[in-house]
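Student: Please take a close look at the ligand site in this structure. I would like one connected account, with the cut-offs stated.

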Amino acid sequence: MNQFLRSRPRRNRKSEVIRSFHRETHLGPEHFIYPLFVHEEGEKAIPIASMPGCMRHTQDTLFAEVERALSVGVGSVVLFPKVPDALKTKGAEECFNPQGLAPRLIRALKARWPELCVVTDVALDPYSSDGHDGLVAPDGRILNDETVALLCKQALSQAEAGADVIAPSDMMDGRVAAIRDALDGAGHSEVSILSYCAKYASAFYGPFRDALDSAPRGGDKKTYQMDPANVREALREVAHDEAEGADMLMVKPAGPYLDVIRRVREATTLPIAAYQVSGEYACLKAAAQQGWLDEERVVLESLTAIRRAGADVILTYFAIQASEWLA
Ligand code: PBG
C-alpha cells in the first residue's frame, strides 16, 4: 500500500466543522484599526480617486464614519489630517498647534465617544512645505535631532487633546525615547506609543500621498525609511524601539512584507501592528472593480495572511467592509 495514503491530510478538511476544529488564525473587527483622512476645505467629503470607497472627510462625515465603524465592532481609528497649503511651512510649525485640525478632531471624537481608541500620526509631512517627515536642511539632508524636538511637541499637543495612542511614523532615530520622556514629563504616562518600527521606503504609499497631497517636493524618503531589500535592519529597529519604551511595534506595508512581520514577531513580545497601506488597498479594489478578483474573498484572505504572519492588529482601509463580511 502507498504509505502516503494511510495518513490522509484531506480527512481533516472534509467539512467546515472539522476545518474549524483546527483553524489557527482568527480575524475579527477587534483586530482592525481604521485609518481616516480629514480636511477642512469646504463642506463636502471628497472621494479619493486612487482609493475607491475612501473619502477625505469633513468633521461631519468623519463622525458618521466613526459611528459606522463602532456599529460593526471596530473600536479604533487613526486620523490623517490634510492641511491646507497656506499652513504648510519649512519649519512645519502647524504640527504642534493645539488648535490645529488634528487636536480639534481628537477632542471632538473623545468628547462624543470616550471609549473610542484614537490613534494619531506623528510626522511632519502633512505640515511641511517640503513634504518630508523631517526638517530639510538647505543642502537637502533630513535633520534628525531638530525634527525629534518638533515631534515631541506634536505628540504632546495630541496627548493633551486626549489621544489614546501616539504613533510616530517618521522613522527618525531616537524619537520613541524622546516622545516617551516628553509625555511622561507632562503627566501623560498613560498615553501609549505605537512605533512605526519597520517602515519601508515603499511605492505602495502613492495613493495615500495623493489623498493628503503630501508627496515629497524633492528627493525621496530613503535616508529615513528602510530599504525594501532588508530584514536585519528591521530587527535592529525593533531592538531600539523596544529599549526606547515603545508599547507596540508596526511593520509597514503589510502584504508584501509578511516575512518581516514574522521575523519581528519572533524578536519581540510586544504587540505587533501591520499596516495594509493605500497601495495594497488600491490593488485589491481595482482588480475587484474590473471583476478580475472576488473582492470579499481576496480581502479576507489578505487580512488573514497578515494575522497568520504574526500581526496582532491591522491598520486597514477595509476595516468596516471586512467587519461586515465577517459578521
Ligand atoms: C506619513 C505616512 C505615510 C503613510 C502613513 N503615514 C506616507 C509616507 O510615509 O510617505 C502611508 C499610509 C498608506 O499608504 O496607506 N508619515
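Tutor: The protein has 11 helices and 12 strands, where helices (H or I, at least four residues) and strands (E, at least two) are DSSP runs numbered from the N terminus. This is a predicted model, in which local features need pLDDT of at least 70 and side-chain atom pairs count only at pLDDT 80 or more, while totals for chains, interfaces and linings use all residues. Residues are numbered from 1 along each chain as its sequence is written, and side-chain values use heavy atoms, with hydrogens and water left out.

Now to the ligand. There are 18 residues around the ligand, and those that come nearest are K199, R209, K252, S278 and Y317; a residue counts as near if one of its heavy atoms lies within 4 Å of the molecule. By class, the shell holds 8 nonpolar, 3 polar and 7 charged residues. Here Ala, Val, Leu, Ile, Met, Phe, Trp, Tyr, Cys and Pro count as nonpolar, Asp, Glu, Lys and Arg as charged, and the others, Gly among them, as polar.

In K221, an N or O atom of the side chain is 2.7 Å from an oxygen atom of the ligand. For S278, a polar side-chain atom lies 2.7 Å from a ligand oxygen, and for Q225 the corresponding distance is 2.9 Å. The protein covers 100% of the 400 Å² of accessible area that the ligand has on its own, by the Shrake-Rupley method with a 1.4 Å probe.

One of the nearest residues, K252, is joined to P253 by a cis peptide bond, with omega about -10 degrees. P253 itself lies in the loop between strand 10 (248–252) and helix 8 (258–267).

How values were computed
Polar contact = N/O pair within 3.5 Å; in protein donor to acceptor, adjacent residues only side chain to side chain.
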